[in-house]
Amino acid sequence: MDYPRTHDQATQHRRLDWANVLHSLVLAVCAVWIVGYFFPSINHDTAVLLYIAKVWLNGGTLYVDAIDINTPLVFVLHLLPEALAKLTGIPGTTMLVALLGLGIAGSFLTCRWVLAASLDPAHATADALLPLLLLFILVVFPGDTFTQREHIMLVLSMPYLLVASGRAGGEKLSRRIRITTGILAGLGFAMKPYFLGIPFLVELYVLSQCGLRRSLADPAPWSVLAVCIAHALFAIIVTPEYFTIVWPIATGFYSEVSNWSSIDLALSANLGPPTFILPLLGIAAFFAVRSDMARVMFLAGIGGLISAYAQHKGWPYHALPSQAYTLLLTGVIVAHVMDHVVWPRRGDSRPAKLFAAALMMLVFYQQVLHNRPFDNQLDYRGSVLERLLHIVQQETRNDRILILSPGIYPIFPLINYANLHLTMRFESMWLIQGAYAECRELAPLYNPPEAMSPAEAFVFRTVAEDFYKKKPSLLIIDNVPGIPRCQGDEFSYLDYFSRNPLFAKRFEDYEKIMDYDRYTIYRRREK
């Protein structure tokens, strides 16, 4: 016989609906969020990497025709979107976001599978909260740093970290999942040598928990190591110019550009929070909750901090890994406390889902307070980038342009959107910035050619030679050089390079057409 539902049962049914609706809604918002990244403008550093990968794809020699300090693997990974763009006609910037979106989906689904295989079914809070937090970290949290190398590393390595926590706890995960996640993580970690501290610390912890014999037989760390070794061999064999051209330049000048002290980094807005919060969470991870997942995330966060401090820049994307791991570690600890102290062995998952959804709304709220969502996209309309792009598209007569500027933005992604080719081999004047980072007493404003260092002389010579040979239709000079005044005089890139006879001779063919914002634009006269 069927009995009518009581008022309490009906109320409970409504709660079940709302818990699932709110939980699903937060998950959907995180997933749909990626659509916003398809709109211009893409991250400027990412635009540089796509441009150089395109030069390489079209027959140029990496580190000769396009010089950048990033490792070969970075450009190998950016070859895929540019190759697909060449086949389909879809812009490489759009293709990269699409491919990264697929990568995020694969990473998230793998993480969710690993969590389902590792977590106790009774731990409802962890099951409800951690997938939401993971997707938030991979999609929403990066903000303007979406598609940066650090972001790509997070996407590729997150399943590996969850697998590592399972390995430390003795979970029987298949060799296939260990090898696959290890290879993908290796691709992420090998992009920058600074990242390698993360797997090093994580594997030391797994070794301490599993013992030497089991660790040596585990394919996961060997998969990461194999990718790193393969990358090193590739660089030596295929792109030796990385060591002969790029490395001397990078060690000579890159450290001089925006070089922060450790104290400045620790007190900065980007690295200050994880620097002081992460150790406190580490105490909880090792001595309070005693969770392998929490400990692995803490060690990954420490590795992320080491990476950021080692680069001495304090830039937002350098801090992204440590910030992301700190946030995830917080979620792991909260879920552990809720499942083991507040709601131990609770069979009803609805309160856990409601709690997870409410907590994620709080995280969203804090994220929006700290960073305006889609800042680059919302500011694009009427921006210097959009206006400069319009000018360039109207005035250019061929696909070649020379822009002498210390900044990456808005030069990139302008070059990508206008489908132009820089005649110089460098994406900006950062090398000259490094050479003139300080004004010494009685030093000349410009070094005479015979007194230049080999790296500065190389820039001085090649920029002029390429300008003379390739005859770009437009020459754009940034009037804010990013170099300190010296002896009371302002540094001028036009005056600096005009001392080279080849540059001066070719410049005679150009006429000034306008000043816009901080830029002076010259057009080559038609003959």
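Let us begin with Lys512, which is partly exposed, its relative accessible area being 49%. The model is a predicted one, and in it Lys512 makes a salt bridge with Asp515, with 2.8 Å between the closest N and O atoms. Asp515 is also partly exposed, at 48% relative accessibility. As background, side chains of opposite charge can pair when their charged atoms come close.

How many salt bridges does a search of the whole structure find? It finds 18. Three of them are set out here.

| Salt bridge | N to O distance |
|---|---|
| Lys512 and Asp515 | 2.8 Å |
| Arg425 and Asp466 | 2.9 Å |
| Asp399 and Arg400 | 3.5 Å |

Take the pair Asp399 and Arg400, whose side chains meet in a salt bridge. Asp399 counts as partly exposed, with 42% relative accessibility, and Arg400 is partly exposed too, with a relative accessible area of 28%.

The side chains of Arg425 and Asp466 also meet in a salt bridge. This pair links distant parts of the chain, 41 residues apart: Arg425 sits in the loop between β2 (421-422) and α20, while Asp466 belongs to helix α21. Is Asp466 buried or exposed? Asp466 counts as buried, because its relative accessibility of 7% falls under the 20% cut-off.

Now for the cysteines. The count comes to one disulfide, and it joins Cys439 to Cys486, with an S to S distance of 2.0 Å. The torsion about the S-S bond is about 70 degrees, so the disulfide is right-handed.

Cys111 is in no disulfide, and the nearest cysteine sulfur, belonging to Cys30, is 14 Å away. Cys111 is buried, with a relative accessible area of 0%. Cys210 is in no disulfide either; the nearest cysteine sulfur to Cys210 is that of Cys111, at 19 Å. Cys210 is buried, with a relative accessible area of 16%.

How values were computed. Residues numbered from 1 in each chain as written. Predicted model: local features only at pLDDT ≥ 70, side-chain atom pairs only at ≥ 80, totals over all residues. Heavy atoms only, no water. Disulfide = S-S within 2.5 Å. Buried < 20%, exposed > 50% of the residue type's maximum accessible area, 1.4 Å probe, protein only. Salt bridge = Lys/Arg side-chain N within 4 Å of Asp/Glu carboxyl O. Helix = DSSP H or I, 4+ residues; strand = E, 2+ residues; numbered from the N terminus.
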